[in-house]
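Colleague: I would like to go through this model feature by feature. Please give the general idea before each case.

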Amino acid sequence: MADYGNDVLVETDWVAEHLNDDGIRIVEVDENPALYAEAHIPGAIGFDWKKDLQDQVKRDFLGPEDFGRLMGSRGISNDHTVLLYGDRNNWFAAYTYWYFRYYGHDKVKLINGPREKWIAEDRETSHDAPSHPEATFEAKAGDDAIRAKRDEVLSALDSDTKLVDVRSPQEYSGELIAMAGII
């Protein structure tokens with residue numbers, strides 16, 4: 001059996017050694033987009049999870065066409081390996097990892113540690129946004145095998161299936177619609 005962590009995670013040492021690799025796009029995804037402007041990994045593309053990765057009309061994630069258009073506009077193609085990190089212990093980076101996998105892009109990894117780890121290790125940072133040329137990113141139809149919808153969850157309640165709900169008690173009750181401090 002493969003070591004799942006090695007399939008998903010990449011260490012900061014490796015990232016530092018590959019900052020100038022044209023086959024890689026580093027992406028910082030933050031709840032607080034002002035952090036990106038303060039300091040980020042050199043060459044990292046900045047995403048605001050709420051502005052960039054959410055439909056601006058309804059509370060939903062982007063469809064495949066919009067996701068593909070966003071990635072291409074930031075210079076990310078289907079050929080790139082995408083390395084993700086961000087604030088809040090990589091919470092939104094992990095969300096974006098799911099997005100890439102959902103839309104069929106397997107060349108994606110999480111940096112093992114959030115932006116604070118990179119900075120604490122006294123690694124090089126930048127204030128400059130990269131200017132990658134526009135690219136083509138074709139998102140596939142969503143892979144519903146990695147997404148549980150309401151009816152699937154309801155049917156699992158009366159079975160031996162184990163469900164893990166990562167929401168806070170306030171999110172679970174409906175008091176909040178996202179992690180505390182996000183919305």
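Colleague: How many residues does helix H6 have, and what does H6 reach from its first C-alpha to its last?

Modeller: This is a predicted model, where local features need pLDDT of at least 70 and side-chain atom pairs pLDDT 80 or more, while totals for chains, interfaces and linings use all residues. Residues are numbered from 1 along each chain as its sequence is written, and side-chain values use heavy atoms, without hydrogens and water. Helices (H or I, at least four residues) and strands (E, at least two) are DSSP runs, numbered from the N terminus. The expected span of a helix is 1.5 Å times one less than its number of residues. H6 (87–102) has 16 residues and reaches 22 Å, close to the 22 Å expected. Just after H6, Gly104 has a positive phi of about 85 degrees.

Colleague: Is His80 buried or exposed?

Modeller: Buried means under 20% relative accessible area, exposed over 50%, partly exposed in between (1.4 Å probe, protein chains only). His80 counts as buried because its relative accessibility is 10%. His80 sits in the loop between helix H5 (64–73) and strand S4 (81–85).

Colleague: Which residues touch the most other members of the largest nonpolar core?

Modeller: Nonpolar side chains tend to be buried together in soluble globular proteins. A nonpolar core is a set of buried Ala, Val, Leu, Ile, Met, Phe, Trp, Tyr and Cys residues joined through side-chain atoms within 4.5 Å. Here the largest has 25 residues, and Phe67, Met71 and Leu84 touch the most other members. H6 gives the most to this core, with six residues. A second, separate core of 11 residues includes Ile24 and Trp118.
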